[in-house]
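User: I've got this one open on screen. Can you walk me through it?

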Amino acid sequence: MKRIYVREEWCLGCHLCEYYCALADRGGKDMARQLKGIKIKPRIRIEEGKEVCFAVSCRHCTEPLCVKSCLTGAIKKEGAGVVTVDREKCVSCYTCILVCPYGALSPAERGTVQKCELCAEKPGGPACVGHCPNGAIVYEE
Amino acid sequence: MEYLIIGNSVAAAGCIEGIRRRDKTGAITVLSKENYEMYARPLISYLLAGKTTEDKMRYRPIGFYEDNNVSLLYDPAAAIDVRARTVETVGGRRLSYDALLLATGARPIVPPIEGLDKVKHRYTFLTLDDARALGASLRPDSRVLIVGAGLIGLKCAEAVRHTCAAVTVIDAADRVLSSILTREAAASVEAHLAHNGIGLRLNDRAARFEGNTAYLASGETVGFDILVMAVGVAPETALAGLAGIEIGRGIRIDARGETSAKNVYAAGDCAETLDVSSGTVKNMALLPNAYMQGECAGLNMAGGRAVFDRAIPMNAIGFFGLHILSAGSYIGSTYTETADGAYKCLFYDENALKGFILVGDVEKAGIYTALIRERTPLCEIDFELVKQKPSLIAFDRAARREKLGRAV
């Protein structure tokens, strides 16, 4: 399956991936109008240190601990391999946050948990990849 | 191949999915004691609180049994003959198997307390039937007494509080959630529970019941209309024991999930498990553990060579919006942080993270859990950084490339 990979040597730490992720979640085209003045909760997060920075989002693991540990059965690995959350079923127990080795699940703005689902229902592929100015996030087989 | 599974909860789901990864055609039969398709058992408190529905509690989608070619029988097992490889059911069936999974779960412990059997409105809280019965009995003016301030007792208390004003929880321990919280960590949780209207009586126990009054060891009395016994659970091992299968702190299994009887496997709350954070064998009645043990057993029942050797105690639980995440063993040195109502305590020895407790701020907790589960040598990471914040930046470049630069 196609997954997101990060190339930390190219990451500028500009956080645009986080903003485009949040915009993809909210819908609309005008980032300034949609996101100005709010604290965004993106599904991809930049980690920054003194000398290095990179983006982290769901790895869509072959053996996903979040799927195996989900108390409700809300987290599933679908046919194509995308790990998704059924937010109707999720009760926000945070067991997935407890088990994900990448820190890739987080509480969502509107309750429940959220994670990268590869912009599965959006044309043009993952928004973070398309808008990374330096090719530090790629979407490949 | 004929596969037989005794039990119809999460370990059974793992087993079915494990078998079907290797064997698409072998016959799978599930014997269920409860008259329901499998449901997410920990959600019974959410159901009681009105935060989910029985439909959303389905652990697997409608059609799960048909899609996996499983025959589900609402007919509990009565006896196992490991020599003849047969199981007799309460309903009089005699079923043969090539591989058997015991996923019999746990039963509530009900201690012998004087007068307990004469309490009219008395419940335990482990099954959907328990939740339905308790829910039907609650009135807004009911006084509810819950014996046991563990995970089950407190989730029950939180749910009951949605309906009832008077909820009291009693426990012999000096703190709530004594299996997962230290005294220090419990303090803020107790304050939060009290703030949300849960009456706590710790360091005390019910010595006897008389009508609707509990007489406590301290000499005090508590009046109640409804009593919930939630002192803990014990592995359901009776069938296995009668069949001559070895029992330890649960049905004894090896890392492949096999019991002392050949081709008989066990998984979930009925089985014992090696806790790799402490090196001790325990009964760990935890849902993720049940699924992964069941899956491992299923893979092996279908001829695979899987092992499940990464079990650690871990819990994610929340009350009235306050989340508590914990994992591992509380041994070694500690690192503690308290800030903005959040509490963090890490436990570590000379070269490994052994355990943690997080209250309030749970962000990226799984990075800590992975360090414990994988026994990552602390000399390989920037532990000072990780102490403050769980992050992948604490790993070296090569390790990060493994994690983020390729398929995992």
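User: Start with the contact between the chains. How many salt bridges are there between chain A and chain B?
Analyst: The count between chain A and chain B is 8. Keep in mind that this is a predicted model.

User: And how many does the structure hold over all chains?
Analyst: Over all chains, the structure holds 38 salt bridges.

User: Give me one that crosses. What does A:Lys68 form a salt bridge with?
Analyst: A:Lys68 pairs with B:Glu295, and their closest N and O atoms are 2.7 Å apart. The pair runs between chains, from helix 3 of chain A to helix 8 (residues 287–301) of chain B.

User: Which side chain meets B:Arg397 in a salt bridge?
Analyst: That of A:Glu8, at 3.3 Å from N to O.

User: Why would such side chains pair at all?
Analyst: Opposite charges can pair when the charged atoms come close.

User: What about polar contacts between chain A and chain B, how many residue pairs?
Analyst: There are 17 residue pairs in polar contact, counting those with both residues at pLDDT 80 or more.

User: Now the extent. How many residues are in contact?
Analyst: On chain A, 40 residues are in contact with 46 residues of chain B.

User: What area do chain A and chain B bury between them?
Analyst: About 3600 Å², with 58% of it on carbon and sulfur atoms. On the chain A side, A:Lys68, A:Leu71 and A:Leu98 supply 19% of the area buried against chain B, more than any other three residues. A:Lys68 is also the partner of B:Glu295 in the salt bridge above.

User: How do strand 4 and strand 5 of chain B join?
Analyst: Through 4 bridges, with strand 5 covering residues 86–89 and the two running antiparallel. B:Ile80 stands opposite B:Val87, and B:Ala79 stands opposite B:Glu88.

User: What lies in the turn of that hairpin?
Analyst: There are 4 residues between the strands, and B:Arg85 in the turn has a positive phi of about 55°.

User: And the 5 strands with parallel pairing in chain B, in what order?
Analyst: They form an open sheet in the order 9-16-10-11-12. Strand 9 (122–123) and strand 12 (198–201) are at the edges with a single partner strand each, so one side of each has no neighbour in the sheet.

User: How many bridges pair strand 11 and strand 12 of chain B?
Analyst: The two pair in the parallel sense over 4 bridges, with strand 11 spanning residues 166–170. B:Val169 has B:Leu200 in strand 12 as its bridge partner.

User: Which strands does helix 5 of chain B touch?
Analyst: Helix 5 (residues 151–161) packs on this sheet, touching strand 10 (143–147), strand 11, strand 12 and strand 16 (226–229) of chain B. The direction of helix 5 makes about 175° with that of strand 11.

Key
Residues are numbered from 1 along each chain as its sequence is written. Chains are lettered from A and ligands numbered from 1 in the order in which they are written. This is a predicted model: local features need pLDDT of at least 70, side-chain atom pairs count only at pLDDT 80 or more; totals for chains, interfaces and linings use all residues. Side-chain values use heavy atoms; hydrogens and water are left out. Two strands pair if DSSP finds at least two bridges between them. Contact means heavy atoms within 4.5 Å. Buried area is the accessible area (1.4 Å probe) that two parts lose on being put together, summed over both. A salt bridge is a side-chain nitrogen of Lys or Arg within 4 Å of a carboxyl oxygen of Asp or Glu. A polar contact is a pair of N or O atoms within 3.5 Å; within protein, one must be able to donate a hydrogen and the other to accept it, and residues adjacent in sequence count only if both atoms are side-chain atoms. Axes are lines fitted to C-alpha atoms, for helices over the stretch in contact, and angles run from 0 to 180 degrees between N-to-C directions.
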